[in-house]
Amino acid sequence: MASQLQTSCRASWWTIGVCILAAALLPGLQAQTVLVNDTVSGFIGTDVVLHCSFTNPLPNVKITQVTWQKATNGTKQNVAIYNPAMGVSILSPYKERVTFRNPSFKDGTIQLSRLELEDEGVYICEFATFPTGNRESQLNLTVLAKPTNRMEGTKRPLIAKSGRTEKILVATCTSSNGKPPSTVTWDTKLKGEAEFQEIRNSNGTITVISRYRLVPSREAHRQQLMCVVNYQLDRFTDSITLNVQYEPEVTIEGFDGNWFLNRKDVKLICKSDANPPAHTYEWKLPNGTLPGSVEIQNNTIYFKGPVSYSVAGTYICEASNAIGTRSGLVEVNVTDKPLPQGAPGGIIGIVGGVIAAVLIIGVAVTVIIVYRRQQKNRTETDNDLIDLPPSHKPAPPPKRKQEMKSHLTAEDIQVVHLDNMKHEEEIQKLPLQTPYYDMAATEPTPYTDKLNSGNKDCDVHYAELDTSALASSPSPRTSIHAGGDLVEYATIQPNLR
């Protein structure tokens with residue numbers, strides 16, 4: 001804008017005065033602002049406030065009028081006017097519904113009462129000033145409509161029939177004339193399905209309809225079906241309990257498996273689960289007529305007098321209601337004597353279970369105790385061995401014979417023949433060895449008996465060497481002395497056992 005003013009100033013000298021005036025007012029034009037709410041919303045029938053204020057820091061700028069307008073199809077329609085000289089004017093159709101809160105040169109706020117759907121749209125707040133012209137801002141007004149919610153069950157009776165697969169309408173949930181539209185859901189344990197429909201009304205509201213369908217069954221009887229409608233922060237719920245009609249399901253009670261001769265006061269009771277309840281019961285035998293000793297009262301058949309073999313047979317009870325007829329049967333047997341009455345199977349099972357549990361726990365505890373004692377004894381033994389001095393500790397386990405043999409070589413065993421003269425010299429050179437005595441008893445053999453008897457021809461002296469003596473000797477060989485003219489020297493390895 002400043003560049004345009006400068007171009008105009010160059011074009012004509014006679015406009016210099018106007019240019020100077022506009023340049024002086026330019027900062028004020030930029031500072032003049034109309035402030036409004038960006039968006040305002042309200043429900044039908046409520047009141048809303050449309051805020052509008054004007055900032056005018058220039059004292060020489062004069063406000064002449066405040067006008068509210070509504071933009072409709074590209075045109076502007078006046079709503080309310082405030083003129084300091086003419087006063088306040090409200091135009092149709094807003095008469096008696098629009099008022100200025102505190103009209104002044106800086107405040108043009110209005111209140112719109114009893115909102116209608118037609119009030120929704122874009123509103124413009126305009127300040128007319130002199131000599132700077134008009135200044136305006138616009139806001140969006142959204143009109144909300146709370147829906148009307150209702151739920152209703154079907155008027156058609158729900159009848160369960162075997163082999164039926166067609167799903168029929170059970171209930172309808174409707175949320176009418178909402179803006180924006182509601183959300184409709186179902187809360188139930190039933191195995192049905194829901195369908196949804198939206199209808200846009202001419203006034204801008206939306207109606208949401210949901211229908212719930214299922215196949216009627218005995219299991220669906222007395223089940224609850226709940227409709228849930230959520231709109232903004234509001235929540236609506238309503239529910240119905242299904243009434244499904246079905247034919248009787250028949251059971252016969254009274255026969256305990258222990259009907260014996262001469263037993264008295266026995267009876268059979270026909271029970272049915274039906275909706276509506278069964279209205280008639282009929283007793284019969286498939287291959288004959290009922291015994292003459294029986295008396296029928298509605299759903300119960302009484303056997304008069306003591307039980308006889310004629311009572312035995314297959315008894316059928318037919319129950320009927322408005323939906324259909326179903327039957328049940330029981331096979332009655334008569335024994336000569338009463339069956340032995342033992343402890344009930346349930347009690348026996350419980351006692352057996354308790355005994356088994358006790359045995360299992362006892363075995364587990366015993367195993368744990370034995371294991372802990374073994375661990376304790378092993379720990380004590382290890383501690384005793386650690387405390388003993390080296391001389392009292394048991395010898396390490398002996399090496400296996402194969403391992404001992406692996407250390408023997410041909411050089412370890414030699415036989416040398418010496419004459420009598422060298423005999424004394426070799427004896428003097430022998431180091432003194434500490435004798436080792438094997439305290440273990442050995443079995444007598446002919447060879448040992450001969451030595452022990454003191455053979456005069458050959459006096460042999462033994463020496464079994466310990467490992468330490470061999471380790472300290474410079475040579476692994478050791479001599480054996482025998483009397484006579486001939487002495488044999490042989491290498492002796494330790495006797496390891």
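Leaving out neighbours within four places in sequence, Leu50 is in contact (heavy atoms within 4.5 Å) with Asn37, Val40, Trp68, Thr109, Ile110, Tyr123 and Leu139. This is a predicted model, where local features need pLDDT of at least 70 and side-chain atom pairs count only at pLDDT 80 or more, while totals for chains, interfaces and linings use all residues. Residues are numbered from 1 along each chain as its sequence is written, and side-chain values use heavy atoms, with hydrogens and water left out.

**The cores**

- A nonpolar core here is a set of buried Ala, Val, Leu, Ile, Met, Phe, Trp, Tyr and Cys residues joined through side-chain atoms within 4.5 Å; buried means under 20% relative accessible area, exposed over 50%, and partly exposed in between (1.4 Å probe, protein chains only).
- The largest nonpolar core has 27 residues, and Leu50, Trp68, Val98, Phe100, Leu112, Tyr123 and Phe127 touch the most other members.
- Strands giving two or more residues to this core include β3 (48-50), β5 (62-72) and β10 (121-130); strands (E, at least two residues) and helices (H or I, at least four) are DSSP runs, numbered from the N terminus.
- Apart from that core lies another one, made of 21 residues, among them Ala171, Leu242, Val244 and Tyr246.
- As a bit of background, nonpolar side chains tend to be buried together in soluble globular proteins.

**The disulfides**

- You'll find three disulfides in the structure, each counted as a pair of cysteine sulfur atoms within 2.5 Å.
- Cys52 pairs up with Cys125, S to S 1.8 Å, and with -85° about the S-S bond this link is left-handed.
- That pair ties together distant parts of the chain, with Cys52 in strand β4 and Cys125 in strand β10, 73 residues apart.
- Cys52 counts as buried because its relative accessible area is 1%, and Cys125 does too because its value is 0%.
- Cys173 and Cys227 are joined as well, S to S 1.6 Å, and both are buried.
- Cys270 and Cys317 form a disulfide with sulfur atoms 2.0 Å apart; the torsion about their S-S bond is about -90°, so it is left-handed.
- This pair also links distant parts of the chain, from Cys270 in strand β22 (residues 266-275) to Cys317 in strand β26 (residues 313-320), 47 residues apart.

**Around Gly87**

- Gly87 sits in strand β7 (residues 87-90) and is partly exposed, because its relative accessibility is 26%.
- Setting aside neighbours within four places in sequence, Gly87 is in contact with Ile81 and Tyr82.
- Gly87 and Gln65 are 22 residues apart in sequence, and their C-alpha atoms are 9.6 Å apart in space.
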